[in-house]
Amino acid sequence: MRISPLLTWYFGKHVLISILSILALLIGLILIGDTIELLRRAGNKPDATVSIVLQMAASRIPFMTEKVLPFAVLFGSMFSFWKLTGNQELVVTRAAGVSAWQFMLPPILCALVLGSLQVGALNPLSSILLQKYETLEARYLQNNASVMNLSSSGLWLRQGTQDGQAVIFARSVSNQQGDQLDLRNVTIFRFEDADDFTMRIDAGRAVLEPGTWRFYDSWTFVPGQASTFAEEMMLPTNLTARKIQDSFASPETMSFWDLKPFITLLERAGFNATRHRIHFHSLLSRPLLLCAMVLIAAAFCLKFSRRRRASLVIGGGVASGFILYFCTDVISALGVSGGIPPVLSAWAPAGISLLLGVTTLLHLEDG
């Protein structure tokens with residue numbers, strides 16, 4: 001028996017409204033908590049006004065929406081199935097000859113649509129606003145003076161010095177091992193008071209060592225003076241290879257549509273792009289993960305009866321959500337450390353959750 005379009009619309013709308021309601025509740029709670037925490041951190045920062053704090057809290061809303069969307073789908077689907085079962089609507093539907101797999105189709109389609117919207121639309125918005133949040137945080141809460149930018153033409157670094165700023169440009173990264181970073185074809189621009197140009201240094205090679213930049217075969221150009229050559233010269237620095245690596249745009253601040261070119265750019269420059277690759281495949285697997293959340297919710301609630309304690313259903317759903325969150329973090333950490341392939345670490349949580357949901361539902365439905 002085919003499920004009617006009217007029934008499809010009814011089940012899909014019921015589940016979608018529940019998911020969006022739970023999502024709005026979670027986002028509201030997170031927004032309140034973030035605002036309170038940011039106000040606490042800004043307590044001794046005179047430049048961090050209330051309006052800045054509110055901007056920072058609002059900028060994190062799309063990012064946190066991405067984080068809690070799987071839980072909203074899980075809890076919203078559980079609430080919807082629980083209500084439909086408690087009102088005997090699903091019982092009547094199944095008595096009319098509609099199987100669980102047929103009336104599960106609308107909620108699964110809703111999950112696929114939500115997952116696709118997250119990847120294609122919400123994630124780019126989240127990346128833009130998260131960059132704004134990190135900029136405001138670095139400016140008003142951390143007073144961070146070092147910034148790095150990687151472009152298709154090379155590597156750009158900026159560091160604070162005792163008498164101003166130094167901007168370092170390298171056309172290629174030759175090697176990165178431990179605390180050392182080896183750059184080739186390097187140009188350094190020195191500034192006083194952030195914008196008063198004082199000198200330019202061109203070096204064939206620059207090696208970052210703990211606390212020091214060491215330049216080889218360098219020419220120094222000072223306005224109004226003759227250029228000078230030095231086989232070796234040094235510049236104090238507070239940068240480290242690890243800090244530079246971490247200063248790259250974090251995966252969360254990259255739009256889904258920009259991740260693939262950026263991964264290619266990172267690997268071409270000689271840096272490790274494992275975190276970005278894992279994040280890229282995690283986004284690709286998000287629609288599958290949301291479908292798994294719907295199946296897990298159905299496994300908990302389709303057999304609900306009034307004899308069954310509500311706390312058991314709610315507790316099982318909450319426990320499943322936290323177990324999934326913990327396992328996802330563990331598997332992602334294994335992927336970043338190289339313990340398992342990055343693609344496997346990204347797709348494993350969604351794949352395992354989907355298999356568990358299908359298996360449990362098959363057992364409950366077909367015995």
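At 39% relative accessibility, Q88 counts as partly exposed. Q88 is not a glycine, yet its phi is positive, at about 65°. One caution before going on: this is a predicted model. As for where Q88 sits, the place is the loop between helix 3 and helix 4, the latter covering 89-95.

There is another residue of this kind. N185, also not a glycine, has a positive phi near 55°. N185 lies in strand 4. Its relative accessibility is 42%, so N185 counts as partly exposed.

Next, the charged residues. How many salt bridges does the structure hold? The number is eight. I will go through some of them.

Take R214. The side chain of R214 meets that of E209 in a salt bridge, with N to O at 3.2 Å. R214 also forms a salt bridge with E232, and there the closest N and O atoms are 2.4 Å apart. What does the pair of R214 and E232 tie together? R214 is in strand 6, residues 212-221, and E232 is in strand 7, residues 228-236, so the pair links parts that are 18 residues apart in sequence. R214 has a relative accessible area of 18%, which puts it in the buried class, while E232, with 42%, is partly exposed. The cut-off for buried is under 20%.

Another bridge joins D202 and R200, whose side chains meet at 3.1 Å, N to O. Here D202 is partly exposed, with a relative accessible area of 22%. R200 is partly exposed as well, with a value of 34%.

Staying with charge, there is a patch on the surface. Which residues gather in this patch of negative charge? They are E192, D193, D195 and D196. D193 belongs to the loop between strand 4, which covers 180-192, and strand 5, which covers 196-209. D193 has a relative accessible area of 63%, so this residue is exposed.

Now the interior. Nonpolar side chains tend to be buried together in soluble globular proteins. The largest nonpolar core in this model has 49 residues. Those with the most contacts inside this core are V73, F81, F103, M104 and L302. Which elements give two or more residues to the core? They are helix 1 (5-41), helix 2 (50-59), helix 3 (61-86), helix 5 (100-103), helix 6 (105-142), helix 10 (286-301) and helix 12 (342-366).

Is I263 buried or exposed? I263 is buried, with a relative accessible area of 1%. The residue is found in helix 8, which runs over residues 256-269. From I263 to H276 there are 13 residues in sequence, and the C-alpha to C-alpha separation in space is 6.5 Å.

The negative patch includes D193, and the largest nonpolar core has 49 residues. The positive phi values I mentioned belong to Q88 and N185. That is what I have.

Methods:
Residues numbered from 1 in each chain as written. Predicted model: local features only at pLDDT ≥ 70, side-chain atom pairs only at ≥ 80, totals over all residues. Heavy atoms only, no water. Salt bridge = Lys/Arg side-chain N within 4 Å of Asp/Glu carboxyl O. Buried < 20%, exposed > 50% of the residue type's maximum accessible area, 1.4 Å probe, protein only. Helix = DSSP H or I, 4+ residues; strand = E, 2+ residues; numbered from the N terminus. Patch = residues over 30% accessible without salt bridge, like charges linked within 9 Å, V, L, I, M, F, W, Y side chains within 5 Å. Areas by Shrake-Rupley, 256 points an atom, 1.4 Å probe, with all protein chains shown as cover. Lys, Arg positive; Asp, Glu negative; His and termini not counted. Charge placed at Lys NZ, Arg CZ, Asp CG, Glu CD. Core = buried A, V, L, I, M, F, W, Y, C linked by side-chain atoms within 4.5 Å.
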